[in-house]
Amino acid sequence: MERMINKEIRNYLLKYNLISHHQHRFIKRRSTCTNLLQCLSDWSLNTQSKRITDVVHFDFKKAFDSVSHDKLLVKIAAYGISGYLYQRIVAFLSNREQAVQKISPIGLGV
């Protein structure tokens with residue numbers, strides 16, 4: 001289900017040019033690797049041109065885990081996603097909980 005929803009949203013966003021050309025992940029032929037290569041190229045050009053360059057790194061590893069589903073649905077609707085696709089997303093996010101559970105190895109008594 002997630003793959004189907006992802007594909008539909010991606011197609012919609014691309015069709016209406018709602019994804020920045022700076023976006024790398026989730027776009028064909030663009031990955032975190034291509035993003036890093038683009039950054040390295042930009043930094044190198046700035047260094048050669050003696051331009052000051054500030055770099056800020058963010059760790060979004062668990063970002064989706066902390067996103068308010070209500071706010072996410074409002075944003076999705078604001079992008080014009082509606083109808084069956086929107087209802088599938090609502091159903092997917094409804095009554096969901098996320099948790100991390102530590103499992104101890106057998107026999108170690110952790």
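**Helical organisation and core of the predicted model**

Of the 110 residues of the chain, 12% count as buried (under 20% relative accessible area, with exposed meaning over 50% and partly exposed in between; 1.4 Å probe, protein chains only). The structure is a predicted model, in which local features need pLDDT of at least 70 and side-chain atom pairs count only at pLDDT 80 or more, whereas totals for chains, interfaces and linings use all residues. Residues are numbered from 1 along each chain as its sequence is written, and side-chain values use heavy atoms, with hydrogens and water left out.

Among contacts (heavy atoms within 4.5 Å) between residues at least 6 apart in sequence, 39% join residues at least 24 apart. The chain exposes about 10100 Å², of which carbon and sulfur atoms supply 55% (Shrake-Rupley method, 1.4 Å probe; for residues, only the protein chains shown count as cover).

The largest nonpolar core comprises 10 residues: Ile5, Ile9, Leu13, Leu73, Ile76, Ile81, Leu85, Tyr86, Ile89 and Leu93. Such a core is a set of buried Ala, Val, Leu, Ile, Met, Phe, Trp, Tyr and Cys residues joined through side-chain atoms within 4.5 Å. Helices α1, α3 and α4 each supply at least two residues of this core, and α4 gives the most, with four residues.

Within helix α4 (residues 83-93), Leu85, Tyr86, Ile89 and Leu93 are buried. These residues lie on the same side of α4 because they cover an arc of only 100 degrees around the axis, the arc being that of the directions from the helix axis to the C-beta atoms. The buried residues of α4 pack against α1 (2-15) and α3 (69-78). Ile89 touches Ile5, Ile9, Leu73 and Ile76, not counting residues up to four places away in sequence. Just after α4, Asn95 takes a positive phi of about 55 degrees.

Asn46, in helix α2, counts as buried at 17% relative accessibility. With residues up to four places away in sequence not counted, Asn46 touches Arg51 and Thr53.

Leu18 is placed in the loop between α1 and α2 (32-48) and counts as partly exposed, at 32% relative accessibility. Together with Tyr16 and Tyr79, Leu18 makes a nonpolar surface patch of about 270 Å². Patches consist of residues with over 30% relative accessible area and no salt bridge, like charges being joined within 9 Å and nonpolar side chains (Val, Leu, Ile, Met, Phe, Trp, Tyr) within 5 Å; a salt bridge is a side-chain nitrogen of Lys or Arg within 4 Å of a carboxyl oxygen of Asp or Glu.
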